[in-house]
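This briefing is written for a reader who is meeting the structure for the first time. Please keep the sequence and the model in view while reading the points below.

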Amino acid sequence: MSVHAAPRLSRGPVQRAERALAPDLARGAMLLIIALANVAGVVFASQPGLDATPEGVDRGLNFLLFELVHARGYPVFAVMFGYGLVQLAHRQDASGATPKQVRSVLIHRNLWLVAFGFAHAALLFYGDFLGAYGIVGIVMTLVLLRRSERFHRIVLVLWALSAVQILVIGALVASRVLEGLGGSAPLPAGHIDSLAAPGYLESMLDRLGEWPMHTLTVLPFIMIAWLGMWAARRRVLEEPARHKTLLAWTAVLGLGVAIAGGLPAALVSAGWLHVEESAAGLTLMLHGASGMFAGPGYVAVFGLIAMRVTRPGSVVGALSALGRRSLSGYLFQSVAWLVLLAPFTLALGNRFGSPTVTGLIIAVTVWLTTVLVARLLDKRKQAGPAEFVLRRLTYGPRA
């Protein structure tokens with residue numbers, strides 16, 4: 001893959017004064033959701049990560065993971081990815097760059113994201129999203145970025161159709177659950193070889209085989225990123241007060257659909273609903289389909305929060321600092337899972353009673369560590385290491 005620095009006439013990366021609070025706040029806070037989701041998968045070497053035979057407190061934890069975490073974190077970052085792509089293009093436009101130069105900057109940046117994703121998957125974690133972001137970003141730059149307002153309304157129609165699809169699946173799930181009550185099937189979960197590999201080299205070879213397929217399965221999130229692009233064209237997060245009604249309805253409906261759609265799978269995962277195998281599979285399908293609505297739902301919540309923040313305090317400041325360094329925070333998590341949880345390293349997940357509880361404690365601890373480090377870097381006015389490298393590769397030494 002041949003990648004070069006962006007054309008000299010384009011402007012450099014975004015400056016801190018140009019950033020809106022809501023996107024950074026959302027990214028920083030939602031990295032906790034990413035950590036909780038990924039650590040469960042690592043501990044149980046499965047996708048989605050869950051204890052198939054939970055007892056005691058693990059039942060409640062499984063329930064909460066399926067309602068609020070699994071398949072509900074990455075849609076937030078997909079929305080923000082589309083939003084950020086438009087922001088970046090607008091800043092380049094404002095600097096006087098030509099459409100060709102803007103397109104070149106975006107394509108180069110996304111090509112480097114694909115390279116980051118390959119390295120991330122090969123060295124650290126199979127469940128990489130960076131490669132998929134890069135591919136989606138290239139497609140969006142070439143196909144969607146310069147389209148008319150009327151064309152972008154298509155994404156709203158697609159989301160409406162998705163809501164109808166969820167209603168149909170929900171009705172089917174309800175009928176199958178009623179027919180299959182009394183069964184004993186767990187939620188279907190795919191085993192991840194790289195997470196159970198006995199050595200690092202074996203895990204790397206497994207990841208090299210798993211990453212391409214994983215990337216292909218998540219490419220459809222382009223529809224979620226497209227919604228972020230639509231919102232960015234209206235400056236929804238830069239001007240949350242002007243879009244208060246839209247944000248409120250999006251928060252209620254988005255999270256409402258995600259929570260309602262995730263309920264059957266959450267009940268099965270907790271062992272509070274017993275169904276046959278076909279019904280269990282359908283509940284997981286409904287869970288995944290409804291999860292995309294959590295993306296705009298969570299983002300809208302942070303937009304409403306940001307609207308009320310006149311002067312960021314220590315908590316909002318720290319979360320926003322991590323949001324500005326979200327790539328570094330995301331990669332740090334993968335390093336932590338490899339060091340703390342892999343079978344050939346410390347393997348802490350199975351050493352202290354409940355693997356679910358242990359994994360979640362580790363996830364929160366790792367996330368808090370990234371929050372503190374980001375805050376320290378912010379006070380020193382230093383970028384995250386991954387952000388520094390990506391900007392240098394994209395814009396050249398002037399970054």
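The points that follow are grouped by topic.

The structure is a predicted model.

**Annotated domain**

- An unreviewed UniProt entry lists residues 231-396 as "domain: DUF418".
- Within residues 231-396, 73% of the chain is helix and 0% is strand.

**The largest cavity**

- The lining of the largest cavity is made of 13 residues, of which Val42, Leu124, Leu195, Leu338 and Ala342 are the closest to the centre.
- Two or more lining residues come from each of the elements α8, α9 (200-218) and α15 (326-341).
- Helix α15 makes the greatest contribution to this lining, with three residues.
- Sorted by class, the lining of the largest cavity comprises nine nonpolar residues, three polar residues and one charged residue.

**The second largest pocket**

- The volume of the second largest pocket is about 510 Å³.
- This pocket is lined by 24 residues, and those closest to its centre are Leu227, Trp230, Leu246, Thr250 and Pro296.
- The elements that supply two or more residues to the lining are α3 (74-94), α7 (154-180), α10 (222-233), α11 (244-270) and α13 (294-308).
- Helix α11 provides the largest share of the lining, namely seven residues.
- The lining of the second largest pocket divides into 21 nonpolar residues and three polar residues, with no charged residue.

- Ser194 belongs to helix α8, which covers residues 193-196.
- Ser194 has a relative accessible area of 5% and is therefore buried, since this value is under 20%.
- The side chains of Ser194 and Glu210 are joined by a polar contact of 2.6 Å.
- Leaving aside residues up to four places away in sequence, Ser194 touches Tyr126, Ser203, Asp206, Arg207 and Glu210.
- Asp378 is part of helix α16, which covers residues 355-379.
- Asp378 counts as buried because its relative accessibility, 6%, is under 20%.
- A polar contact of 3.1 Å links the side chain of Asp378 to the side chain of Arg324.

**Backbone details**

- Most peptide bonds are trans, and most residues other than glycine have a negative phi.
- The peptide bond between Gln47 and Pro48 is cis, with omega at about -5 degrees.
- Ala45 is a residue other than glycine with a positive phi, near 50 degrees.
- The position of Ala45 is in the loop between α1 (21-44) and β1.
- Ala45 has a relative accessible area of 9%, so it is classed as buried, the limit being under 20%.
- Arg235, which is not a glycine, also has a positive phi, of about 55 degrees.
- Arg235 is located in the loop between α10 and α11.
- With a relative accessible area of 39%, Arg235 is partly exposed, because the value falls between the 20% and 50% limits.

- Pro48 sits in the loop between β1 (46-47) and α2 (57-69).
- Pro48 counts as buried, because its relative accessibility of 12% is under 20%.
- Pro48 touches Phe66, His70, Pro188, Ala189 and Leu284, when residues up to four places away in sequence are not counted.
- Pro48 and Val366 are 318 residues apart along the chain, and their C-alpha atoms are separated by 20 Å.

Terms used. Residues are numbered from 1 along each chain as its sequence is written. This is a predicted model: local features need pLDDT of at least 70, side-chain atom pairs count only at pLDDT 80 or more; totals for chains, interfaces and linings use all residues. Side-chain values use heavy atoms; hydrogens and water are left out. Helices (H or I, at least four residues) and strands (E, at least two) are DSSP runs, numbered from the N terminus. Buried means under 20% relative accessible area, exposed over 50%, partly exposed in between (1.4 Å probe, protein chains only). A polar contact is a pair of N or O atoms within 3.5 Å; within protein, one must be able to donate a hydrogen and the other to accept it, and residues adjacent in sequence count only if both atoms are side-chain atoms. Contact means heavy atoms within 4.5 Å. UniProt positions are given in the numbering used here, feature names are shortened, and annotations may be inferred rather than shown by experiment. On a 1 Å grid over the protein atoms alone, a cavity is a set of points where a 1.4 Å probe fits but cannot get out, and a pocket is an open set with protein on both sides within 12 Å along at least five of seven lines; lining residues have an atom within 4 Å of a point. Ala, Val, Leu, Ile, Met, Phe, Trp, Tyr, Cys and Pro count as nonpolar, Asp, Glu, Lys and Arg as charged, and the others, Gly among them, as polar. Grid points are joined across faces, edges and corners, and a volume is the space filled by probe spheres set on the points.
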